[in-house]
Amino acid sequence: PASPLGQKQYAVARPVYSEDSFAEDHEKVHRVRKTMLDHLKEGSMKFCDSTRAKKAVLSLLPIIGWMRIYRVKEWLLGDVVSGISTGLVAIMQGLAFSMLASLPPSYGLYTAFFPMLTYFFLGSSRHISIGSFPVLSLMIGAVVTRLVPDGGPSANFPGFEGLNMTQQRVLVASSVTFLTGIFQLAMGLLQVGFIVIYLSDTLVSGFTTAAAVHILVSQLKFVLGLVVPGISGPLSIIYTLEKIFVQITSTNICDLVMSIIIMVIVFIVKEMNDMYKAKLPVPIPIEVTVIACGTSYGLNFKDRYGVDIVGKMVSGYEAPIAPDMDVFKDSAVEAFPIAIVGFAVAFSVAKVYSIKHDYAIDGNQELIAFGVSNIFGASFRSFAASTALSRTAVQESSGGRTQIAGLISAMMAMIVTVALGFLLEPLPTSVLGALVIVNLKGMLMQFREIPYLWRRDKPECVVWVGTCLGAILLGLDIGLAVGLGLELLTVIFRAQFPRCSVLANIPGTDLYRDRKDYLNIVEPTGVKIFRIPSPIFFANIEFFKDKLVEAVGFNPLRVLRKRNKAFRKIEKLLQTNSDDITEDLPADLKDLPFRVDWNAELAGNIGVPRVDIHSLILDFSAVSFLDISALKGLKMVLKDFIRIDVDVYIVSCDVYIIEKLHSCMFFDDDVQTSIFFPTLHDAMLHVLGKHKGKIKGMVVRKTSFILSALCFRV
């Protein structure tokens, strides 16, 4: 039936259940837990099953899945157009981002080609564009400049003998990329793709913003036409800015003017692309126009104005090289965060487009795909590959449906490398630097998240700011570690100091809410309902006790001690003033032959803290687990309340927690299974039925009259 306000209502008539009575009325299925050996046997049987083996192959080669449903007439033209558009952008970004890696621009074209070849077969995303990513390029560049600095001797590695500086840097970049691929492949094979969940959106946002600041500073020397050696390590950004400002009077005006003009043009066209993206069939590839202009105008700029240009482009492909083991040993600490960041960024972008186009992606398969792609690419001198949001947006918005578009973009990079690279040789490096800076807009605009996070979630704001500042000042690798540490601290903080609350009843319903949040709410007399929205474990069990004491208004252990002290006074008065009471009084108050109204005024200066509740209900609906320390602490708390005649009930406790309590011998004569109830309202109905007709507080017994009379005579 509907209420007068048009709201639906429901009515349920059932017995008031405790966990014990519920178990009596409803038989539970006793499941046998599988051992590790059982799982291994089941896995081997699945592996031998032909159907399972077929699914495993399809999982390992996602190309088989989407090629089977490929609609040639509907999708092929869109993939071709998308591949051409994406390829033009990928070429430009490859040249520009290669400078971030402290490598000659032509090696960025390798990164736009080789990793895509393997991802085409192994990747589960149909839309992301594989290639260079500015953050990874910068992280690779930090290792390159550390081992092969501009103004000093290279690291003393045997593999560097007979190589010039460029060859040494290429070897370092490819070796670090190879090791990055090994890390990613290992994580994929070990099925630990879930590791990306530890990189929250807030952390990634703060980290990429810091990376954008590093990239911006690193490109200033190209925009200004200055000679600034690459610096790595903590505070490297400060030292780089110092060297730039020392030479600021030597700025090449031609480079600066070209950069400003190009940044303005690209910025305006990109804004127009965003503004009219619903009307434009394909975004305007302004980067290509800029490259053409830069090339034509850069023909004589080198001799006339001393402008640095891209220079000699590597034509064709060289034989594969083996990674250097000494670089492996020296850069392992830096390669691991590169592997994590590269996967996290690519997976987050892939997830966006998989949801948009309604298909599934597999995190573990993505790790395998990127691992193999980086290993394969590193063998041919490319550096770490991931995806860039801007490039992926071009691939998707221009009609790309599958990775055929990515394959075509890779073919375009191959054509430029093999035949057309000479056209890019006169291109000023300041043009590439300007294009890199313009493409940072999205990442730099993430600073706007700070006020929002501060208003909505201050711990998350601390993670963002801490990660960003740590990565800016200490370097990207250490900054990532700082961010993870801060994120872990926020989790600990939330779990260790949860927002506990005292609940009360919404009149006329079985609903219970925080008593501070509502006006018309009723807190039953003599009953306190306490809720803790967190697991209870060794780190927060004391916090739980303190909050519980604060909620009930008294410390049960202190009350018990006061009552014991008062009891000794009672014993002394009775022995002194009553000849007919000669028996020894028991040490445990509950074994007295009479009861004391501890809330009444007792004569003889006997004072005991008041206990205004007879029942305490603990809402465990949000408690997901208890550890051994919490079990011991909880049992002590329950016993303390029970000894002062306060009934304690636990409601909505997870069945597996109850099983753990049984296995850990939690129950005894005082703490029994009957205190557990499936719902809060069941417990409340039980309490109201048990204390029906009783006045607030305990019933007055004859002892208090005896004490009054005795003390009066005294």
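**Salt bridges and cavities**

Glutamate 550 is exposed, at 59% relative accessibility (exposed is over 50% relative accessible area, buried under 20%, partly exposed in between; 1.4 Å probe, protein chains only). The model is predicted: local features need pLDDT of at least 70, side-chain atom pairs count only at pLDDT 80 or more, and totals for chains, interfaces and linings use all residues. Residues are numbered from 1 along each chain as its sequence is written, and side-chain values use heavy atoms, with hydrogens and water left out.

Salt bridges

- Glutamate 550 forms a salt bridge with lysine 547 at 3.7 Å, N to O (a side-chain nitrogen of Lys or Arg within 4 Å of a carboxyl oxygen of Asp or Glu).
- These two residues, lysine 547 and glutamate 550, are three residues apart in helix H24 (residues 541-552), so about one helical turn separates them (helices are DSSP runs of H or I, at least four residues, numbered from the N terminus).
- Lysine 547 is partly exposed, at 28%.
- The whole structure has 21 salt bridges.
- Lysine 441 pairs with glutamate 271 in a salt bridge, with the closest N and O atoms 2.3 Å apart.
- That pair joins helix H20 (residues 441-444) to helix H12 (residues 253-275), distant parts of the chain, 170 residues apart.

Cavities

- The search finds two cavities of 30 Å³ or more (a cavity is a set of points on a 1 Å grid over the protein atoms alone where a 1.4 Å probe fits but cannot get out).
- The largest cavity holds about 40 Å³, a volume being the space filled by probe spheres set on the points, which are joined across faces, edges and corners.
- H10 gives the most to the lining of the largest cavity, four residues (lining residues have an atom within 4 Å of a point).

Note on methods:
On a 1 Å grid over the protein atoms alone, a cavity is a set of points where a 1.4 Å probe fits but cannot get out, and a pocket is an open set with protein on both sides within 12 Å along at least five of seven lines; lining residues have an atom within 4 Å of a point.
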